Amino acid sequence: MNQSLTTPAPVSRRGMSAIFIIGVLFFIFGFITWLNSVLIPFLKLTCELSSDVQAFFVTFAFYMSYFCLGLPSSYILKRTGFKNGMALGLLVMAIGSLIFVPAAQSRSFPLFLVGLFVQGAGLTLLQTASNPYISILGPIESAARRISIMGVCNKVAGALSPLILGAIVLEGATELENKVKAAASVAEKEQLLNEMGSKIILPYIIMAVALFLLSWMIKRSSLPEIEMGGESNASETHSGRTSVLQYPHLVLGFICLFLYVGVEVMAGDAIGIYGRSMGMSLDTTRYFGSCTLAAMLAGYIIGIFAIPKYLSQQNGLKISAIAGIIFTVCAQLSTGYVSISFIALLGLANALMWPAIFPLAIDGLGKFTKTGSGLLVMGIAGGALIPLLYGTLKAKPAIGNSLAFFICMLPCYLYILYYSIFGHKVGRSTL
């Protein structure tokens, strides 16, 4: 690996400070990202959506922003640097949060989707900056351990956010659902739905204010900048390569991340829809997403202590993929809360995947590191498309709920297993 990096000194003190700041950002990632598990049933009820496919446009709008803005974010970071790019990302997220206010007042599903897309755009910039930042802040061999620490911050927030927002906006949701169905007039029905829609306004105003303040704090912080040697020289090559697409292990890593994020979103956000399709109430299914995130948190804690001392990044990814295959098969072969439990356990299987895939895919890119990071972040679009595929397949009587879930999940885990064994090595001999 010939990766020219210039890190600020002293590394120990400023490095720890940087890890703390990035940890706060990962907390923000988790809190906002996993609100979708609550927004899906909330918007389906409030905006009177007719199908699960429509409801999954929540994840589509949010995660497609990563695909649209992944590479542009890498170009922005070349102009702004990591710290200013992170501050800008937080500012964009705050604007996206404010869009929820008029969306809630009008109960406009398209406007909610705009807000989600803008939030996702800000997160794209943050992810593009923070993931390579934490990966190269120390030895690449222990990058998965550092990202696991970030993952704890992310998943603690992810486990809390559905509980907090769910308690605010989905309290008594089943009762409200029954009242809406029994409403004697259109006016009464509209009043009930408007009251529910208004519940989301204050939380998102508070979120916007917090994001504005955090953006200002990051801008004024002592977060050290990390420069990629030679990256500003467009004519410079790395190992004779002139394009980021000439790194096969990166391209295969993009596919791997695409599939991984798809199964992560399915396990965290679609688990509620899965339970609803088995006849469980909304008051019960609103907690399922937090169960998945709790399992992911356990996985990240394991990663902190196991990688790289007892477990390499590659072996961690391999074991995770095998666990994902086993839990997916068990969920298909069981029913009721047992099946839900195996889907929640997919959080444990998924936990070490991002921390392992990202550094494996980005290793050895040198001056292409920011562009490669942008490409990998585009892979987050898997969270947009795979849940939509699930919603479409489950609506077909010949397939149904559990088989649709199985069809979407198993091939993804099989490919992740391939990448853990062979894919991350492809083309590496010439680096």
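Which residues in α2 are buried? In α2, the buried ones are Asn36, Ser37, Val38, Leu39, Ile40, Pro41, Phe42, Leu43, Leu45 and Thr46. Buried here means under 20% relative accessible area, while exposed means over 50% and partly exposed is in between (1.4 Å probe, protein chains only).

## Ground rules

This is a predicted model, where local features need pLDDT of at least 70 and side-chain atom pairs count only at pLDDT 80 or more, though totals for chains, interfaces and linings use all residues. Residues are numbered from 1 along each chain as its sequence is written, and side-chain values use heavy atoms, with hydrogens and water left out.

## The whole chain

Let's start with the overall view. The chain has 19 helices and two strands; helices (H or I, at least four residues) and strands (E, at least two) are DSSP runs, numbered from the N terminus. Of its 431 residues, 59% count as buried.

The accessible surface of the chain is about 16200 Å², and carbon and sulfur atoms own 67% of that. Those areas come from the Shrake-Rupley method with a 1.4 Å probe, and for residues only the protein chains shown count as cover. Now take contacts, meaning heavy atoms within 4.5 Å. Among those between residues at least 6 apart in sequence, 85% join residues at least 24 apart.

Just after α2 comes glutamate 48, with a positive phi of about 55 degrees, although glutamate 48 is not a glycine. This residue sits in the loop between α2 and α3 (52-55). Glutamate 48 counts as partly exposed because its relative accessibility is 37%.

Arginine 107 is not a glycine either, and has a positive phi of about 50 degrees. You'll find arginine 107 in the loop between α4 and α5 (109-135). With a relative accessible area of 14%, arginine 107 is buried.

Methionine 93 belongs to helix α4 (residues 57-106). Its relative accessibility is 0%, so methionine 93 counts as buried. Leaving aside neighbours within four places in sequence, methionine 93 is in contact with Ile28, Ile32, Gln119, Gly122, Leu123, Leu126 and Leu211. Methionine 93 and alanine 121 are 28 residues apart in sequence, and their C-alpha atoms are 7.3 Å apart in space.

Threonine 33 is in helix α1 (residues 11-33). At 9% relative accessibility, threonine 33 counts as buried. Not counting residues up to four places away in sequence, threonine 33 touches Phe62, Tyr63 and Leu123.

## Where α10 meets α19

How do you describe two helices that pack together? Two packed helices are described by the angle between their axes and the distance between the axes. The axes of helix α10 (residues 248-268) and helix α19 (residues 400-421) come within 9 Å and cross at roughly 145 degrees. Here axes are lines fitted to C-alpha atoms, for helices over the stretch in contact, and angles run from 0 to 180 degrees between N-to-C directions. The crossing of α10 with α19 is left-handed, meaning that the near helix is turned anticlockwise from the far one by less than a right angle (right-handed if clockwise).

On the α10 side, the residues that meet α19 include His249, Leu252, Ile255, Leu259 and Tyr260. Among their partners in α19 are Phe405, Cys408, Met409, Tyr415 and Tyr419. By class, the contact of α10 with α19 has 16 nonpolar, two polar and no charged residues. Ala, Val, Leu, Ile, Met, Phe, Trp, Tyr, Cys and Pro count as nonpolar, Asp, Glu, Lys and Arg as charged, and the others, Gly among them, as polar.

## Aromatic pairs

Rings of Phe, Tyr and Trp (its six-membered ring) pair if their centres lie within 6.5 Å; planes under 30 degrees apart count as stacked, over 60 as edge-to-face and the rest as tilted. By this rule there are 16 aromatic pairs. In one of them, the rings of tyrosine 260 and tryptophan 354 have centres 6.3 Å apart and planes at 50 degrees, so the pair is tilted. Tyrosine 260 lies in helix α10 and tryptophan 354 in helix α16 (residues 353-362), so the pair ties together parts that are 94 residues apart in sequence. Tyrosine 260 is buried at 1% relative accessibility, and tryptophan 354 is buried with a relative accessible area of 8%.

Tyrosine 274 and phenylalanine 405 form an edge-to-face pair, 5.2 Å centre to centre with 70 degrees between the planes. This pair links tyrosine 274 in helix α11 (residues 271-277) to phenylalanine 405 in helix α19, 131 residues apart. Both tyrosine 274 and phenylalanine 405 are buried. Phe56, Tyr274, Tyr390 and Phe405 form one aromatic cluster.
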